[in-house]
Amino acid sequence: MAFLLLKVVVPGDISAGFGFSEAIRQEYRLHRKSFSSRKEGKLLRRRRKWNLQSLYADSKYACVGFEPERSMKVPLAASLATSAAGEVAVSSEQKVYDVVLKQAALVKKQLKSSTALEVKPDVPVPGSLSLLKEAYDRCGEVCAEYAKTFYLGTLLMTPERRRAIWAIYVWCRRTDELVDGPNASQITPTALDRWESRLDDVFAGYPYDMLDAALSDTVSKFPVDIQPFRDMIEGMRMDLKKSRYKNFDELYLYCYYVAGTVGLMSVPVMGIAPESKATTESVYSAALALGIGNQLTNILRDVGEDARRGRIYLPQDELAQFGLSDEDIFKGQVTDRWRSFMKNQIKRARMFFEEAENGVTELSQASRWPVWASLLLYRQILDEIEANDYDNFTKRAYVSKAKKLLALPVAYGRSFLIPASLRLSSMKTE
Ligand SMILES: CC(C)=CCC/C(C)=C/CC/C(C)=C/CC/C(C)=C/[C@@H]1[C@@H](COP(=O)(O)OP(=O)(O)O)[C@]1(C)CC/C=C(\C)CC/C=C(\C)CCC=C(C)C
């Protein structure tokens, strides 16, 4: 299958610093509060910006509880830092947050321009409807083959949303296969450029094959923007040329590219609950957080496997803070230093999941189950790493079938929770 996908794609060629400072806590609370009402959204956004400006002076990754490097403790304007060479550097979080704002604005614009998030009807061209159905069915099959639990979860969604999510899933999977599949060694930056121009064609309504046709149809019906798709390809480019991450800022950007983007692609399809009072950008931020949490977990689970491929995704400066080096990772011994380092990494990943939780309740009810399932199951991998006494060098943490089965009804139950924005606003008026 992977080979088939590849053939289609490239035809022809082939703290110590983890203290949770008061300033960070405030920003974190403020961010959570932004679920309280759309009306408050504008003000909170302005305050969030302001907070980011002030917080960036002494902290980055406000929601992450990560203490800044000392060199960042200088007044910065809107998270802009001036490098020694005089260039203005924008933090990864700010860059990514700008994408979140842009995505949220796009959806709001579409909402205003009449049709709301209603699915546009199929235009009946003789013969094309059955072809399209076949294309979507094929996407469903791929999804069921690669991600059974997730596939099951999508069955509760409305048929239009379900098939659109399958189409997005398949595009993501194919993109990932380019750099992670069996033929990854043959992938060049040029092949990725070609994949990106093919993506342009998909968005312009000129699909290359059946699976693309499903995505073409999806993006014509839902307010899905091309940017997160482009960014995912950028993440794959990054993976081709980079095997070390200096600090969390670099890792955060990578995680956004390869996983945060999935959240941004999915929300316009999943839809926000009509009764939700959350701001659109807060829901997007939560979606981003879930993607980042998933990817961080993925990285923590696969430390040994990645090291055997010569890759270390863990932030180098944080490893050094715990007296660890690349050599220690390659040796793969579970020492007390490693345990302490891992405890902090796990804590950070959990904070992203926690940030995502309120957002899930804001999604349209029928879309929540697969998202809860994904959150609960992926987060449990962190518990399994702990249960393995942090040996992620020789053991692959996994969630047993029994635990998976147990998580599904829990996820189902949670999908009936009322949106956090309603809970919080009713708490305020009581
Ligand atoms: C309901 C749901 C989970 C929807 C997302 C569906 C979708 C389009 C998934 C695409 C996933 C994919 C193939 C991404 C390619 C890049 C990649 C491989 C990312 C890693 C995923 C897991 O990979 P893999 O299958 O290889 O893992 P295993 O080794 O088998 O464990 C990632 C770790 C990231 C995936 C990111 C998400 C699933 C983000 C989900 C976020 C949302 C759906 C937003 C929800 C909304 C709110 C408001 C919280």
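**Helix packing and the core**

Guide: This is a predicted model. In it, H11 and helix H12 (residues 280-301) pack with their axes 7 Å apart, at an angle of about 130°. That makes H11 oblique to H12.

Visitor: What is the hand of the crossing where H11 passes H12?

Guide: The crossing of H11 past H12 is right-handed.

Visitor: And which residues of H11 and H12 meet?

Guide: On the H11 side they include Tyr252, Cys255, Ala259, Gly260, Gly263 and Val267. On the H12 side, Val283, Ala287, Leu288, Gly291, Ile292 and Leu296 are among them.

Visitor: What about Glu275, where is its place?

Guide: Glu275 sits in the loop between H11 and H12.

Visitor: Is Glu275 buried or exposed?

Guide: Glu275 is exposed, because 12 other C-beta atoms lie within 10 Å and a residue with 12 or fewer falls in that class.

Visitor: Which residues does Glu275 touch, leaving out those up to four places away in sequence?

Guide: On that basis Glu275 touches Pro419 and Leu422. As for Asp209, which is 66 residues from Glu275 along the chain, the two C-alpha atoms are separated by 39 Å.

Visitor: Turning to the core, which residues of the largest nonpolar core touch the most other members?

Guide: They are Cys139, Ala167, Ile168, Cys255, Leu288, Ile292 and Leu375, in a core of 97 residues. Helix H11 (residues 248-270) supplies the largest share of this core, with 16 residues.

Visitor: What is Ala167 in contact with, beyond its neighbours within four places in sequence?

Guide: Ala167 is in contact with Tyr136, Cys139, Ala214, Leu215 and Thr218.

Visitor: Now helix H7, please. How many of the residues of H7 are buried?

Guide: Of its 22 residues, 18 are buried, so H7 is largely enclosed by the rest of the structure.

Visitor: What should helix H7 span, at 1.5 Å a residue?

Guide: The 22 residues of H7 (residues 159-180) should span 32 Å, and the end C-alpha atoms are 30 Å apart, which agrees.

Visitor: In which helix is Asp180 found?

Guide: Asp180 belongs to helix H7. With 14 C-beta neighbours inside 10 Å, Asp180 counts as partly exposed. The C-alpha atoms of Asp180 and Trp369 are separated by 28 Å, the two residues being 189 apart along the chain.

Visitor: At what angle do H16 and H17 pack?

Guide: Helix H16 (residues 336-362) and helix H17 (residues 365-387) pack at about 165°, and their axes are 11 Å apart. H16 is therefore roughly antiparallel to H17, as angles over 145 degrees count as such.

Visitor: Which residues make that contact between H16 and H17?

Guide: Among those of H16 are Met342, Ile346, Ala349, Phe353 and Val360, while H17 contributes residues including Val371, Trp372, Leu375, Leu382 and Ile385. The crossing of H16 and H17 is left-handed.

Visitor: What is phi of Asp389?

Guide: Phi of Asp389 is near 55°, a positive value in a residue other than glycine. Most residues other than glycine have a negative phi. Tyr390, also not a glycine, has a positive phi of about 65°.

Visitor: Where do Asp389 and Tyr390 lie?

Guide: Asp389 lies in the loop between H17 and helix H18 (401-414), and the place of Tyr390 is in the loop between H17 and H18.

Visitor: And is Tyr390 buried or exposed?

Guide: Tyr390 is buried, with 23 other C-beta atoms within 10 Å. Asp389 counts as exposed, with 11 C-beta neighbours inside 10 Å.

Notes
Residues are numbered from 1 along each chain as its sequence is written. This is a predicted model: local features need pLDDT of at least 70, side-chain atom pairs count only at pLDDT 80 or more; totals for chains, interfaces and linings use all residues. A nonpolar core is a set of buried Ala, Val, Leu, Ile, Met, Phe, Trp, Tyr and Cys residues joined through C-beta atoms within 7 Å. A residue is buried if 20 or more other C-beta atoms lie within 10 Å of its own, exposed if 12 or fewer, and partly exposed in between; C-beta atoms are placed from the backbone. Helices (H or I, at least four residues) and strands (E, at least two) are DSSP runs, numbered from the N terminus. Two residues are in contact if their C-beta atoms, placed from the backbone, lie within 7 Å. The expected span of a helix is 1.5 Å times one less than its number of residues. Axes are lines fitted to C-alpha atoms, for helices over the stretch in contact, and angles run from 0 to 180 degrees between N-to-C directions. Angles under 35 degrees count as roughly parallel, over 145 as roughly antiparallel, 65 to 115 as roughly perpendicular and the rest as oblique. A crossing is left-handed if the near helix is turned anticlockwise from the far one by less than a right angle, and right-handed if clockwise.
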